[in-house]
Amino acid sequence: MRALKALVIGMGVLIVVGLVTVVVTIANRTLDTDRPPTEAAFAIPPGAEVLETALDGDRMALRLRLPGGAQAIHVFDLATGRRVATARIHGGG
């Protein structure tokens with residue numbers, strides 16, 4: 001009977017320790033203020049108008065209206081501000 005009581009108390013302590021570990025890990029990831037804010041400059045073509053933006057992880061996509069009415073999507077790396085992809089949108093017909 002004593003062994004069972006010790007086993008139950010030991011498992012209870014392990015549950016509490018595990019729960020505290022999970023809560024502390026979540027709090028640390030949520031309140032991660034050690035990283036400095038990121039600032040980057042993005043070069044778009046002269047006369048282009050930003051129609052839409054989208055973020056995905058460390059990338060940002062800008063849908064642009066270019067001079068002359070054509071549209072393009074430019075994808076930028078947020079850390080460096082470097083353009084990593086461009087897609088031109090042409091009207092069908």
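Colleague: Leaving aside neighbours within four places in sequence, which residues is M60 in contact with?

Modeller: M60 is in contact with F42, A54, L55, H74, V75, F76 and L78. Contact means heavy atoms within 4.5 Å.

Colleague: What should I know about the model itself?

Modeller: This is a predicted model, where local features need pLDDT of at least 70 and side-chain atom pairs count only at pLDDT 80 or more, while totals for chains, interfaces and linings use all residues. Residues are numbered from 1 along each chain as its sequence is written, and side-chain values use heavy atoms, with hydrogens and water left out.

Colleague: Back to M60. Which residues make up the largest nonpolar core?

Modeller: M60 is one of 7 residues there, along with A48, L62, L64, L66, A72 and F76. A nonpolar core is a set of buried Ala, Val, Leu, Ile, Met, Phe, Trp, Tyr and Cys residues joined through side-chain atoms within 4.5 Å. Buried means under 20% relative accessible area, exposed over 50%, and partly exposed in between (1.4 Å probe, protein chains only).

Colleague: Which element supplies the largest share of that core?

Modeller: The largest share, 3 residues, comes from β2. β2 and β3 each supply at least two residues.

Colleague: How many helices and strands are in the chain?

Modeller: The chain has 1 helix and 4 strands. The order from the N terminus is α-β-β-β-β. The elements are DSSP runs: helices are H or I with at least four residues, strands are E with at least two, and numbering starts at the N terminus.

Colleague: New topic. How many salt bridges does the structure hold?

Modeller: It holds 3. The cut-off is a side-chain nitrogen of Lys or Arg within 4 Å of a carboxyl oxygen of Asp or Glu.

Colleague: What does R65 pair with?

Modeller: R65 meets E49, at 3.1 Å from N to O. R65 lies in strand β2 (residues 59-65) and E49 in strand β1 (residues 49-56), so the pair ties together parts 16 residues apart in sequence. R65 is partly exposed at 34% relative accessibility. E49 is partly exposed too, at 41%.

Colleague: And which residue does E52 bridge to?

Modeller: To R63, with the closest N and O atoms 3.0 Å apart. E52 is in strand β1 and R63 in strand β2, so this bridge ties together parts 11 residues apart in sequence. E52 has a relative accessible area of 43%, so it counts as partly exposed. R63 is partly exposed at 26%.

Colleague: What about D77? Where is its partner?

Modeller: D77 forms a salt bridge with R59, at 4.0 Å from N to O. D77 sits in strand β3 (residues 71-77) and R59 in strand β2, 18 residues apart.

Colleague: Is D77 buried or exposed?

Modeller: D77 is buried, at 12% relative accessible area. R59 is partly exposed, at 35%.

Colleague: Switching to the surface. Which residues form a nonpolar patch there?

Modeller: M1, L4, L7, V8 and M11, with about 570 Å² of accessible area together. Patch residues have over 30% relative accessible area and no salt bridge; like charges are joined within 9 Å, nonpolar side chains (Val, Leu, Ile, Met, Phe, Trp, Tyr) within 5 Å. Areas come from the Shrake-Rupley method with a 1.4 Å probe; for residues, only the protein chains shown count as cover.

Colleague: Where is V8?

Modeller: V8 is in helix α1 (residues 2-30). V8 is partly exposed at 48%.

Colleague: What about L14 and V20?

Modeller: L14 is in helix α1 and is exposed at 61%. V20 lies in helix α1 and is partly exposed at 47%.

Colleague: How far apart in space are V20 and R2?

Modeller: 27 Å, C-alpha to C-alpha, for 18 residues in sequence.

Colleague: Last one. What does the chain as a whole span?

Modeller: The C-alpha trace spans about 85 × 35 × 20 Å along its principal axes. Of the 93 residues, 11% count as buried. The chain exposes about 7600 Å², with carbon and sulfur atoms supplying 62% of it.
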